[in-house]
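Me: I have a structure open that is new to me. Can you walk me through it?

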Amino acid sequence: MSRITRDATGTVTQVAATQQNIASFETSGLDMEASYVVNLSNVSAGPPGSLRIRALATYVDKLVFDTGLSRVETAGDVGDSVLRATPKWRGTLSATYEDANVGFDIRARYIDGW
């Protein structure tokens, strides 16, 4: 079956084009989380309430965008000039204090390469 249709004079009257999505996306890595909560009244006669420590981390080993024409590995690339910038390591560490009346939270964030 022809994708080009011509009339009796040989003029092209129709072209049948089939679209194909040949792009792909490949990634591998690891997401990690650790959390610990302690009731402060169990530790000492100090303040009531609880203390929570939480750590989150992401490691991106591979992040590949393949359009079918070009293949770009972006894991570890950071900065405003990089499309789909993805650092190899990202993390958040937080500490939270809570009692019946008040709560406080502090966080630190890490981005590899900045």
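Me: Let's start with R71. Where does R71 lie?

Reply: R71 lies in strand β5. Strands here are DSSP runs of E with at least two residues, helices are runs of H or I with at least four residues, and both are numbered from the N terminus.

Me: Before we go on, what kind of model is this?

Reply: This is a predicted model, in which local features need pLDDT of at least 70 and side-chain atom pairs count only at pLDDT 80 or more, while totals for chains, interfaces and linings use all residues. Residues are numbered from 1 along each chain as its sequence is written, and side-chain values use heavy atoms, with hydrogens and water left out.

Me: OK, back to R71. Which residues does R71 touch?

Reply: Not counting residues up to four places away in sequence, R71 touches E26, V64, F65 and D66. Contact means heavy atoms within 4.5 Å.

Me: What box do the C-alpha atoms fill?

Reply: Roughly 100 × 30 × 20 Å, taken along the principal axes.

Me: How many of the residues are buried, as a percentage?

Reply: Buried residues are 15% of the 114 in the chain. Buried means under 20% relative accessible area, exposed means over 50%, and partly exposed is in between, using a 1.4 Å probe and protein chains only.

Me: What about T74, buried or exposed?

Reply: T74 is buried, at 2% relative accessible area. T74 is found in the loop between β5, which covers 71–73, and β6. Leaving aside neighbours within four places in sequence, T74 is in contact with L63, F65, L83, R84 and T86.

Me: Where is D77, then?

Reply: D77 is also in the loop between β5 and β6. D77 counts as partly exposed, with a relative accessibility of 30%. The C-alpha atoms of D77 and Y110 are separated by 15 Å, and these two residues are 33 apart along the chain.

Me: Switching to strand pairing. Which strand is joined to β4 by ten bridges?

Reply: That is β6 (residues 89–98), which runs antiparallel to β4 (residues 50–66). Two strands pair if DSSP finds at least two bridges between them. Within this pair, L51 stands opposite Y97 in β6.

Me: How many bridges join β6 to β7?

Reply: Nine, and β6 and β7 (residues 103–111) run antiparallel. R90 stands opposite I111 in β7, and L93 stands opposite A108. β6 and β7 form a hairpin with four residues between them.

Me: What is in the loop between β6 and β7?

Reply: D99 is one of the residues there. D99 is partly exposed, with a relative accessible area of 27%. Leaving aside neighbours within four places in sequence, D99 is in contact with P48 and G49. The C-alpha atoms of D99 and T13 are 77 Å apart, with the two residues 86 apart along the chain.

Me: What about β1 and β2, how many bridges there?

Reply: Three bridges join β1 (residues 4–6) to β2 (residues 12–15), and the two run antiparallel. R6 has V12 in β2 as its bridge partner. These strands form a hairpin with five residues between them, and G10 in the turn has a positive phi of about 90 degrees.

Me: Last topic, charges. How many positive and negative side chains are there?

Reply: The chain has 11 positive and 13 negative side chains, and the centres of the two sets lie 6 Å apart. Lys and Arg count as positive and Asp and Glu as negative, while His and the chain ends are not counted. The place of a charge is taken as NZ of Lys, CZ of Arg, CG of Asp or CD of Glu.
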